[in-house]
Amino acid sequence: MSDFKEILDQTKRQIREVSVQEVNEKLNPANGFTLLDVRERDEWDQGHLDQAIFLPRGFLEVKADKELADKSQPIVVYCAGGTRSAFAAKTLQDLGYTDVYSMRGGFNEWKNNGFRFVTPEKVGKDQMARYSRHLRIPQVGEKGQLKLLKSKVLLVGAGGLGSPAGVYLAAAGVGTLGLVDYDVVDESNLQRQILHWTSSVGMTKVDSARRTLFEVNPDVKVRTYQLHLDASNILDIFSEYDVIVSGSDNFTTAYMVNDAAILLKKPVAYGSIFQFEGQASTFIPYQGPCFRCLYPEAAPPELAPSCDEAGVLGVLPGTVGLIQATEVIKLLLGIGRPLNGRLLTYDALEMTYRAFKVGRRPDCAACGPNARIDLASIPEFVCAVQTATKG
Ligand SMILES: [Zn+2]
């Protein structure tokens with residue numbers, strides 16, 4: 001008998017083995033068992049048992065404490081054919097684990113019996129380089145990047161705020177970007193709306209934006225909606241997305257976006273800009289104030305700081321739009337502290353940021369206990385500068 005065979009047989013006598021049938025029927029996570037996969041990364045990547053913990057044999061001694069904190073938990077170890085798992089089971093016993101099993105025949109036997117397994121999703125090899133700086137941050141990593149690639153973000157407006165937000169969200173690999181904008185690119189947009197180029201003048205903003213975003217990152221699916229949001233379409237469109245970026249420049253749209261987002265419980269990354277000043281907040285329905293909590297009534301026209309024609313420093317939307325994009329990424333990844341319940345103001349001339357605590361209004365018409373949302377009856381508000389220039 002070879003030395004190896006002898007050692008293996010000896011090891012197997014000191015551990016308990018179970019069949020793949022037993023694991024499938026009862027020794028599984030649904031019944032409180034921990035499944036431990038001790039194969040190598042490339043084997044794991046090609047498929048593994050659902051809810052298994054990945055801990056290659058070579059790291060077992062070093063990482064068992066962290067990955068398997070409770071030494072009395074029942075553990076089923078498996079590898080490809082049942083050999084490495086036998087040694088691993090013995091090691092675990094030596095480390096003080098009291099209820100360890102090795103799955104006979106391993107993953108191959110499991111597969112041969114037609115039992116269910118899962119194949120982990122991976123960032124494609126061709127995408128590794130593009131997202132390598134994300135993959136190196138533990139809070140993002142491959143899992144986070146996959147989340148971003150699967151995420152859907154809607155930009156309401158492909159203008160000043162939607163431009164920087166859209167470019168950076170596309171670069172970051174947010175998999176689907178929706179763009180709502182009815183307008184056509186005008187030369188006066190080019191001073192700040194970086195989605196649009198000199199050669200875009202006269203194109204619809206959604207087509208111009210699609211062209212730019214494709215150049216930024218062809219991984220990203222861009223869906224375009226050349227329309228005005230109204231009660232007839234907003235819920236259908238919003239329901240497709242995880243987060244809404246609202247950079248609308250008038251109260252009618254801002255209320256419409258807010259109310260629809262509350263009905264569908266979608267978070268909104270909000271921003272607004274005027275001359276040298278910007279504001280941003282994140283509205284998470286029922287977890288913090290909404291836009292109507294902050295602005296229960298539309299500002300009177302002479303104070304409404306927000307029309308296409310209003311003056312704005314060209315770089316300002318870059319700053320505010322990127323605060324919105326940052327909030328979106330955080331929300332999608334579930335990291336950090338969102339601007340929920342805080343209004344951030346930015347003064348470009350003073351170069352100061354201030355955060356104000358803001359709370360929900362009990363009488364809020366959109367998120368209060370007596371709210372009655374009616375998307376069809378949101379009035380049309382005029383904005384100051386249009387009134388002034390047209391009047
Ligand atoms: Zn509210």
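**View 1. Ser 248, a buried residue in a loop.** Ser 248 has a relative accessibility of 18% and so counts as buried (under 20% relative accessible area, with exposed meaning over 50% and partly exposed in between, for a 1.4 Å probe and protein chains only). Its place is the loop between strand E9 and helix H13 (251-264); helices (H or I, at least four residues) and strands (E, at least two) are DSSP runs numbered from the N terminus. Leaving aside neighbours within four places in sequence, Ser 248 is in contact with Val 156, Thr 253 and Ala 254, where contact means heavy atoms within 4.5 Å. Between Ser 248 and Leu 331 there are 20 Å in space, C-alpha to C-alpha, and the two are 83 residues apart in sequence.

A word on what you are looking at: this is a predicted model, in which local features need pLDDT of at least 70 and side-chain atom pairs count only at pLDDT 80 or more, while totals for chains, interfaces and linings use all residues. Residues are numbered from 1 along each chain as its sequence is written, and side-chain values use heavy atoms, with hydrogens and water left out.

**View 2. The largest nonpolar core.** Welcome to a set of 27 residues, the largest nonpolar core (buried Ala, Val, Leu, Ile, Met, Phe, Trp, Tyr and Cys residues joined through side-chain atoms within 4.5 Å). Val 153, Leu 169, Val 174, Leu 177 and Val 328 have the most contacts inside this core. At least two of its residues come from each of E6 (152-156), H10 (162-172), E7 (176-180), H11 (205-216), E9 (243-246) and H15 (316-333). A second, separate core has 26 residues, among them Leu 154, Ile 234, Ile 244 and Met 256.

**View 3. Helix H10 against helix H15.** Here the axes of H10 and H15 lie 8 Å apart and the helices pack at an angle of about 40°; axes are lines fitted to C-alpha atoms, for helices over the stretch in contact, and angles run from 0 to 180 degrees between N-to-C directions. H10 and H15 are therefore oblique to each other (angles under 35 degrees count as roughly parallel, over 145 as roughly antiparallel, 65 to 115 as roughly perpendicular and the rest as oblique). On the H10 side, the residues making the contact include Tyr 168 and Leu 169, and on the H15 side they include Leu 322 and Val 328.

**View 4. Helix H1 against helix H5.** Look for H1 (residues 3-14) and H5 (residues 84-94), whose axes come within 9 Å and cross at roughly 50°. This pair is therefore oblique. Phe 4 and Ile 7 of H1 are among the residues of the contact, as are Phe 87 and Lys 90 of H5.
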